[in-house]
Amino acid sequence: MTDQTLRLLPGSDLDLEMTLHSGQVFHWLRHGNGFLGAIGDHAVYVEQKGENLHASAEQAELVRHYFALDHPMDRILATFPRDETMIQAVQFSKGMRIIRQPNWECLATFITSALKQVQHIRAISLALRQRFGRSVHHGKFEARAYPRAEVLAGANLEALLECKLGFRAKNLLATAKIIASGEIDLEELGKRPTSEVRKTLCRLPGVGEKIANCVLLFAYERLDAFPIDVWIARMLRERYFAKRATVRLGDLQEFAAEYFGPYGGYAQQYLFHHWRLTQQGRRRSSEEPASWKLNPPMAR
DNA sequence: ATCCAGGATAGCG
DNA sequence: CGCTATCATGGA
């Protein structure tokens, strides 16, 4: 297996570690100086050295596509509003990209994300992959693919509960059955307009507005989709609705859709990353948030 | 021990 | 429509 250097596009940049730990994907493992994981059914090792991203030669296009190295970051950042909160988030999250995830594993993973901390989502993803996913290889590297819908549809509830899914288990199982049956074709769905995709996704058990928007943003590349989770809601209320006493979720959605522009999803991801790391450190009594930034905690 | 986590949903007025 | 209780699990 040969090692190829992928040069980043001029004027753009990538922070691999930050991107992998920003709450989009939850399965990459530190390996040597890089990361080992699966992109769909491919075992992939990636390593960043300065401006360059290293990956196997025959996986160059796969890696380039997954990490969206073609996204025009300068143009995207130029569309963001110029308020203080946004500027700070962009500075803090410089180099982060919205990854292009496979449909099913994105949908399934975010169903398991409901009311869970990032580390727990990670533990669940790894447990599901270990128990139900097939082993994939590339050269000396081995990884676990995300289990296909057909496999999870055939799993029993108890086995899923052993993977610590809690009340999410029945939702994942029910949705897996619908996808496996072909009643909803995730690939075909991607050709439909955003509002229709969102509406269809929300019909699935365990999928509401927030998770549907995550799938739109992280899998269907609708870069305007703006998921509002507890962190984003808190941030919006504090920074953009400080005067108002009562702010409904609908108010936040309406505001975000027009204020953050055509790449609102990107803005959201930068805001989420910045807010989560800084506020999490602030609420913690003992340790300093600076160490989190350099070495975010990862479940084994 | 108590509270919270990249929520969804049924049940209520 | 808007509000609330509830759903498992683990970490802080």
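## Charges over rings

The charged end of Arg 234 sits over the ring of Trp 231, at 5.2 Å from the ring centre. A charge counts as over a ring if NZ of Lys or CZ of Arg is within 6 Å of the ring centre and within 35 degrees of the ring normal. Arg 168 lies over the face of Phe 167, with 4.1 Å to the ring centre.

This is a predicted model, in which local features need pLDDT of at least 70 and side-chain atom pairs count only at pLDDT 80 or more, while totals for chains, interfaces and linings use all residues. Residues are numbered from 1 along each chain as its sequence is written, chains are lettered from A and ligands numbered from 1 in the order in which they are written, and side-chain values use heavy atoms, with hydrogens and water left out.

## Aromatic pairs

The structure holds 16 aromatic pairs. The rings of Trp 28 and Tyr 66 have planes at 45° and centres 6.0 Å apart, so this pair is tilted. Rings of Phe, Tyr and Trp (its six-membered ring) pair if their centres lie within 6.5 Å; planes under 30 degrees apart count as stacked, over 60 as edge-to-face and the rest as tilted. The pair links distant parts of the chain, 38 residues apart: Trp 28 is in the loop between helix 1 (16-20) and strand 2 (29-31), and Tyr 66 is in helix 2 (residues 60-66). Helices (H or I, at least four residues) and strands (E, at least two) are DSSP runs, numbered from the N terminus. Both Trp 28 and Tyr 66 are buried. Buried means under 20% relative accessible area, exposed over 50%, and partly exposed in between (1.4 Å probe, protein chains only).

Phe 241 and Phe 255 form an edge-to-face pair, with 5.2 Å from centre to centre and 80° between the planes. Phe 241 lies in the loop between helix 13 (230-240) and helix 14 (249-259), and Phe 255 lies in helix 14, 14 residues apart. Phe 241 counts as buried because its relative accessibility is 9%. Phe 255 has a relative accessible area of 17% and is therefore buried.

Five strands form an open sheet in the order 1-5-4-3-2, with antiparallel pairing. Strands pair if DSSP finds at least two bridges between them. Strand 1 (3-7) and strand 2 are the edge strands, each pairing on one side only. From one strand to the next the twist averages 35°. The axes behind this angle are lines fitted to C-alpha atoms, for helices over the stretch in contact, and angles run from 0 to 180 degrees between N-to-C directions.

Strand 3 (residues 34-39) runs antiparallel to strand 4, and five bridges join them. One bridge pairs Ala 38 with Ala 43 in strand 4. The two strands form a hairpin with two residues between them, and Gly 40 in the turn has a positive phi of about 60°. Strand 4 (residues 42-49) and strand 5 (residues 52-56) pair over three bridges in the antiparallel sense. Glu 47 stands opposite His 54 in strand 5. Strand 4 and strand 5 also form a hairpin with two residues between them, where Gly 50 in the turn has a positive phi of about 60°.

Of the 27 residues around DNA strand B, Gln 117, Val 118, Arg 234, Gln 268 and Gln 269 come nearest. A residue is near a strand if one of its heavy atoms lies within 4 Å of it. Sugar and phosphate make up 61% of the atoms of DNA strand B that come within 4 Å of the protein.

A polar side-chain atom of Gln 269 is 2.5 Å from a base oxygen of DNA strand B. A backbone N or O atom of Pro 227 lies 3.5 Å from a base nitrogen, and a polar backbone atom of Lys 116 is 3.0 Å from a sugar or linking oxygen. Helix 12 (209-218), helix 13 and helix 15 (264-283) are the elements that give two or more residues to the surface near DNA strand B.

Ala 68 has a positive phi near 50°. Ala 68 belongs to the loop between helix 2 and helix 3 (73-78), and is buried because its relative accessible area is 0%.

Leu 115 has a positive phi near 55° and sits in the loop between helix 5 (103-111) and helix 6 (118-132). Leu 115 is exposed, with a relative accessible area of 76%.

Methods
Polar contact = N/O pair within 3.5 Å; in protein donor to acceptor, adjacent residues only side chain to side chain.
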